[in-house]
Structure formats: C-alpha cells, structure tokens
Amino acid sequence: MLRKKECVAMLLAGGQGSRLYALTNNIAKPAVAFGAKYRIIDFPLSNCINSGIDTVGVLTQYEPLELNEYIGNGQPWDLDRAYGGVHILSPYQAKKRSSWFEGTANAIYQNMSFMKRYDPDYVLILSGDHIYKMDYAAMLRAHKATGADCTIAAIEVPMKEASRFGILNCNPDGSIYEFEEKPKVPKSNLASMGIYIFTAEKLFKYLAADDENPESEKDFGKNILPAMLNAGEKMYSYRFHGYWKDVGTISSLWESNMDLLGEEPAFDVADADWKIHSRNPLAPPEYIGETADVENSMIALGCEIEGTVKHSVLASNVVVEKGAVVKDAVVMAGTVVKAGAVVEYSIIDENVVVGENAKVGESKSAGAGIAVLGRNIEIGEGAVVKGGVILDKDYKGE
Amino acid sequence: MAHSTVGVIFSNVHDENIPELSRHRTMASVPFGGRYRLIDFALSNLVNSGITTVGIVTKNNYQSLIDHLGSGKEWDLARKDGGIILLPPYSDDTDKPYTTRLEALMGITGFLTHRSEDYVVVSDCDGIAHMDVGDIVRFHEEKGADITMVYHEEDQPCESSYFITLQPDATGRIKGLKINPGDLKKGKAYNLYVNVMVMSREFLINTIQNAVTRGFSSFGRDILAKNVDTLKIYGYGFKGYYAGVNSMEDYFKHSMELLRRDVREELFGNRDIYTKVRDSAPSKYLEGAVVKNSLISDGCVIEGTVENCILFRGVKVGKGSVVKNSVIMQDNVIGTDVSLDCVITDKNVVIRDRRHLAGCESLPYFIAKGRML
C-alpha cells in the first residue's frame with residue numbers, strides 16, 4: 001500500500017459556538033444537529049469523502065464527548081480506513097509542554113506529527129461550522145494549476161456584511177495582493193470561507209515560524225496568511241459559487257434549516273450526486289396520523305405526528321400530539337410536543353418535553369425573535385415561553 | 001446465554017408463499033415495513049438476545065441478500081469471531097443443491113461442528129415478531145428438551161404451502177404434530193409452529209448424521225413427526241404479535257397492521273430493529289401534501305395525498321395524485337394526478353401521470369420491480 005497521501009484534511013472542530021447559547025452548553029458546535037438527521041460536521045466530512053480525501057484529522061477541544069462518539073470510527077462517512085481515515089485529535093501532554101490548542105494555527109501546529117505521518121503534498125484546512133457542498137478536489141486542481149503556496153476558498157457576500165469576514169483583495173487572475181481581517185471599510189466583498197489548501201512544506205514552515213513568535217495570536221486569518229503574503233508567497237483565491245452558510249448564530253441556524261424546505265430548496269440535502277453522509281437513526285419510518293396536517297416540512301424517521309406541522313424541520317423520534325401545532329420551528333431528536341401545545345418560530349433541542357397546552361415562541365411577524373429551548377428540559381403544562389427567550393432549565397410558567 | 005447460542009437463519013424457505021415478491025430475491029430480502037427486509041426481524045431478535053454468530057443458509061437468488069447484509073456491521077455482526085456467516089449451498093459435481101431443510105442442514109454440518117456454542121436457534125424469515133430468544137433458550141434448558149418449537153395461536157387457516165401445527169400438553173410437551181392439516185377452519189383456534197426452534201448443537205449434529213445414514217430427507221416428516229413420542233419435543237407458546245407472511249394477502253394485511261400503534265410499539269417500541277442504511281435525506285412534505293395514517297420512510301418527497309399507506313425509501317408522490325391503502329416500495333416515482341388504491345408496487349416502479357389503478361384488500365394489485373406504467 002502506498003504510504004503517502006497526496007492531501008490530508010485538518011478539520012477545526014474545537015469551537016465553543018458561544019453564539020448558539022443553550023444549544024452548545026454541552027456539545028461542540030460541529031456536533032449541533034441540523035436538517036432533521038444531520039450534524040454540522042456531516043457536511044465537511046461528506047465533502048471530504050466525496051472529493052476523494054480519505055484522511056481527515058478532526059481537532060477537538062470544547063466538550064468533545066458527543067462529537068467523538070458521533071464520529072466514532074468514521075464508518076458512516078466511509079472513513080474507517082486501514083491507512084488514513086478519520087482521526088480525532090485532542091490536545092495532549094508532551095514531554096516539553098502541555099497545553100490547550102491556542103488559536104487555529106496552534107491547533108494545527110500541535111498536530112504536525114499527525115500530518116507528517118502521511119507525507120502529504122498538500123494540506124486542506126477546514127472548519128466545522130458551515131453548511132455547504134464543495135468539491136475540494138476541484139479546488140486542489142486549481143491550487144496545482146496556479147502553482148500557489150496557499151489557495152483560499154472565497155465567496156461573494158453582500159457588501160454591507162463584508163466587514164464581518166476576512167476579505168480578500170485580488171488581482172484579475174485571482175492572486176491575492178491583500179488580506180484584511182474584518183475590515184471596517186472593506187475594499188471588496190470577496191470573503192474568505194476559512195477553507196485553505198496549503199502546499200504542505202510551506203504550511204509547516206510558517207506554522208513553525210509562527211510558533212516562535214510570542215506576539216502572534218496563532219490564528220490563520222490574523223497571523224499565518226498575512227505572514228505568507230508579506231513574505232511574497234503565491235496566494236490565490238478560489239471562487240466558490242453556491243450555497244454556503246455559517247450556522248454560528250441562532251438566526252442563521254434557523255434560516256439554514258428552513259433553506260432545506262420546498263420543492264426547489266435553496267440547499268438540497270437529497271442531492272444524489274453529492275450525498276451527505278451521516279449516522280442514521282435506528283428508528284422505524286415516521287408515522288403520520290389520522291388527525292395530522294403536515295405541509296412544507298422535513299420529517300425524520302421515528303416521528304409520530306398527530307398534530308399540525310407547518311414549515312418546520314423535525315428530527316428523528318419527535319412526537320407531535322393531537323391538537324398540537326408546530327410552525328416555523330426546528331425540533332431536534334426525541335422531543336415531545338404534547339396535546340394542544342403550540343410551538344412557533346423556535347429552535348428546540350433534543351429530548352425536550354413541551355407540556356400540554358404550553359406555548360413556546362411567538363409568530364415570526366411579531367418580531368420578538370426565535371425562542372430556544374436547550375436539551376432535556378421540560379416546559380410545564382400551560383406554561384408560556386415568549387418569543388426570543390432562551391431557556392436551558394425546566395420551566396413551569398409564572 | 002449470550003455466548004452459548006448460535007443462530008441459523010434459512011433465507012429461502014417459504015419463497016413460494018409470495019412468488020411475486022420472491023421471484024428475484026430470497027424470502028429473507030423481501031422488503032417490509034418501509035425500510036426493512038424480512039430477515040431484519042429474525043436477525044434483530046437474535047442480536048438483541050446477545051447472539052453474535054449467525055449462519056445464514058442460502059440457496060438461490062441471494063444477491064439481494066448479500067447486498068443487504070454487507071459485512072453485517074448494521075447488526076453489529078461484523079465480528080472477528082463469528083458474526084454473519086453466509087452459508088451458500090455446498091455441492092460437488094455429482095450433487096444437486098439441497099431441496100429440503102434437512103438436506104440444507106446436512107450441508108452446514110461443517111459450520112455447526114466448528115462452532116463451540118451449546119445451543120442452536122434455527123429460524124426462518126417468514127415471520128414478523130419481537131421475540132426474546134433468550135427466553136426460549138431458557139425454556140428449552142428448564143424443560144430439558146431435545147427440541148423446542150415456538151408456536152403461536154392462530155384462528156385463520158394457514159395459507160402456506162408447508163406448515164406444521166402442534167398439540168402441546170399442559171407441561172408444554174408436544175403430543176401431536178401435524179404437517180399441512182386440512183381441517184383448519186376460520187375462527188377455530190390452533191397452534192401454528194412459527195418456524196423458530198431451539199436444539200443443543202450436539203443434538204442437532206447427531207440428528208443430521210443419523211439422518212444422513214438412514215437417507216432421511218424431510219426434517220418435519222422424518223425427524224419431528226415420526227419421533228413425537230420418543231423425543232422430548234416441547235412447544236414454547238409465543239404470546240406477542242406475530243405476523244406470518246404466507247401469501248400476498250398476508251403480506252398486505254400485515255403491512256397495513258403496522259399502521260396500528262399497538263403493533264408498532266410491540267415491534268419497535270423498546271428495542272431496535274437493525275437494517276441496512278442508505279444515507280437518504282429525511283422525507284419532505286411539500287406545499288399541498290395531505291398525509292393521513294401512513295408510515296413514511298426517509299428520502300420521500302410528497303406533494304399529493306397519501307392515506308393508509310406504507311411508503312418505502314425514496315418514493316415520490318406528485319401533485320394531485322391520491323394514493324390510498326397501498327404499499328409503495330423503494331424509489332417508486334408516482335407522477336401527477338395518479339390514483340392508486342390497494343396496490344403493492346415492487347422497487348423502482350414508475351407510474352406515469354393520470355394512471356388509475358386499483359385492487360382490493362383480498363387481492364391487492366401487484367406491480368413488478370422496475371415496471372413503467
């Protein structure tokens with residue numbers, strides 16, 4: 001067997017995702033449920049395997065238990081390999097030092113020995129907080145064609161939002177002449193997607209140099225990329241056209257879930273040419289009952305629906321009892337919405353019980369925002385949870 | 001008991017009961033319940049009882065079964081020791097493949113002698129039930145039985161071309177055993193053998209060797225029926241939900257029974273039924289969809305009306321179509337303004353716009369695999 005991999009992917013999955021509040025109390029952001037049966041990390045992992053990249057290091061740090069369990073041996077993504085496959089890389093104690101990963105670049109640097117085992121020509125850096133389908137193999141071809149040392153995937157964003165991103169200022173041939181991290185006055189609207197391909201030896205060189213620099217924040221966007229650009233390395237942008245969404249906030253997570261609905265969805269997870277792989281729930285088909293009214297929704301296996309479900313995404317084993325209404329909502333696995341309860345414009349995490357005749361959230365048009373219920377909590381009979389409220393404890397009502 | 005029992009599943013027996021569905025596949029791989037194959041129930045019963053080695057006896061048409069089972073990992077049966085072991089027919093140039101269960105058992109003597117477990121559970125794939133195999137083996141041990149046969153009380157005549165009824169006494173000992181009795185009447189209770197039996201491995205091996213020497217050919221006739229008085233044959237009465245698939249009518253009836261909450265709870269409620277997964281997206285219900293009293297598997301896209309149906313994976317139901325009282329298998333495409341009532345469609349059927357098809361409950365209209373109407 002060839003003891004070499006042309007390209008190794010390193011997936012940064014240590015983020016806390018603090019802007020998801022109650023949804024990431026006990027799990028890392030990449031493990032957050034999405035689209036009725038997926039988790040955020042299914043997208044980069046599926047992209048890897050669909051692009052022919054079968055060696056992936058997943059760097060975990062914050063609340064890794066559930067993420068580690070989910071990834072397991074990588075079999076659902078066909079990443080259980082005799083050589084390569086998916087590996088969880090946690091911070092570790094070494095002879096000379098022991099430390100948490102500090103910054104994205106340091107996380108990769110601390111796992112240099114993992115990458116070197118595969119003697120890669122290229123390293124693909126990914127993050128675990130976006131929903132998108134992308135052929136990394138095409139990006140790698142572009143990287144080789146331009147002879148770049150670093151290629152950064154980039155997407156056009158609305159100008160008014162450009163100051164939230166790392167902005168690439170490029171020449172007409174796509175080469176980057178300037179990189180601005182969250183500029184106040186952006187010169188262009190071409191945003192970095194946080195997806196990089198490096199020629200391996202350059203990456204190793206700059207990571208090592210950065211580690212020596214006490215001033216550095218050890219971050220790709222702030223340190224590594226500017227350092228390479230200043231030193232005159234060849235850096236190119238790779239234009240991505242398609243759906244790409246950061247699901248790092250409550251509202252973007254909600255929107256992205258809703259983007260799956262409809263006959264021609266903004267984002268199609270049922271794409272036969274680009275399958276999204278995931279662990280599958282062990283559950284019978286969903287049962288839609290005599291009194292059910294289900295429309296414009298996505299419903300996973302094991303659900304039992306007797307109530308009304310409109311414009312919502314329901315994960316496996318969700319129960320919606322008779323007379324209950326679920327509208328404009330994202331409901332994660334195992335949650336029970338009892339008879340007569342109303343859930344509107346909300347995100348409800350796993351294994352929540354919404355008591356009889358309780359009311360969670362307010363209509364979208366009311367403007368109060370998305371109500372969020374953290375996992376394993378119980379909302380009492382008749383209790384009212386107002387729009388925009390985030391709860392992570394049982395609530396019996398006033 | 002976990003490590004002292006090995007399972008043997010017959011994948012082809014009873015194929016003739018539902019020829020429409022078993023023409024291109026084994027009985028074991030007949031689709032059932034939206035996302036399962038019949039073997040999933042037998043196999044899950046064994047796995048959920050802690051059995052980690054299952055020999056699967058095949059005869060013909062078993063490509064679909066091999067495809068379904070893969071390495072056995074979905075059943076947690078991809079094991080270093082044991083796991084799923086496929087047992088295709090063994091024959092040299094002079095032999096024909098087996099024609100009876102006994103001959104099939106003769107063909108797997110090697111498998112049986114190389115195992116070390118104390119007991120063997122032999123199961124067919126024609127039944128859908130949640131059975132605790134551990135309980136049956138304990139019963140077998142307690143009774144000191146030679147053979148324990150599992151039965152279920154029925155009150156409808158059995159339509160299978162080969163079946164056995166049992167007459168146990170108060171202690172469970174079988175006093176009478178009939179093959180294909182002709183006197184069964186609707187409403188008259190009798191004990192139907194459900195094709196699950198327990199023996200010690202040693203007893204089974206000895207019985208097979210004895211049968212070879214004497215030139216026996218039928219397990220039911222030459223071993224069971226002839227020795228009711230001499231062997232300690234016990235009956236284990238299974239009290240739960242049991243659905244035997246003995247005809248297309250049965251297949252249809254039992255599929256529809258899954259729409260009952262009590263049946264679903266018994267089959268799926270407190271344990272897992274394992275099956276092959278396909279990484280389908282969750283099902284989508286579009287604007288205008290009307291779905292009532294139906295089981296919908298993953299990967300479906302529904303825009304029309306679906307009532308009292310079982311929809312397998314990846315079924316599309318177009319706008320204006322009305323599908324009622326039907327079993328629609330994997331990857332069917334139902335166009336717009338179609339009407340279906342009491343129909344069973346096999347995999348990959350395409351029904352073009354504005355077609356109307358109907359059967360009745362006792363004679364569901366069957367559409368073969370891959371047909372385009």
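How many residues of strand E4 (residues 53-57) of chain B are buried? Five of its five are, where buried means under 20% relative accessible area with a 1.4 Å probe, protein chains only. Strands here are DSSP runs (E, at least two residues) and helices are runs of H or I (at least four), numbered from the N terminus.

This is a predicted model, in which local features need pLDDT of at least 70, side-chain atom pairs count only at pLDDT 80 or more, and totals for chains, interfaces and linings use all residues. Residues are numbered from 1 along each chain as its sequence is written, and chains are lettered from A in the order in which they are written.

Let's look at the neighbours of E4(B). Strands pair if DSSP finds at least two bridges between them. E1 (residues 5-10) of chain B runs parallel to E4(B), joined by four bridges, and Val8(B) stands opposite Gly55(B). On E5 (residues 83-87) of chain B, Leu86(B) stands opposite Ile56(B), and five bridges join this parallel pair.

Now to the cavities, sets of points on a 1 Å grid over the protein atoms alone where a 1.4 Å probe fits but cannot get out; lining residues have an atom within 4 Å of a point. Volume is the space filled by probe spheres set on the points, which are joined across faces, edges and corners. There are two cavities of 30 Å³ or more.

| Cavity | Volume |
|---|---|
| Largest cavity | About 130 Å³ |
| Second largest cavity | About 40 Å³ |

Among the 15 residues lining the largest cavity, Ala42(B), Asn45(B), Ser123(B), Met131(B) and Val196(B) lie nearest its centre. The second largest cavity is lined by Lys37(A), Pro281(A), Ala300(A), Leu301(A), Pro282(B) and Asp298(B).

Conventions: Side-chain values use heavy atoms; hydrogens and water are left out. Buried means under 20% relative accessible area, exposed over 50%, partly exposed in between (1.4 Å probe, protein chains only). On a 1 Å grid over the protein atoms alone, a cavity is a set of points where a 1.4 Å probe fits but cannot get out, and a pocket is an open set with protein on both sides within 12 Å along at least five of seven lines; lining residues have an atom within 4 Å of a point.
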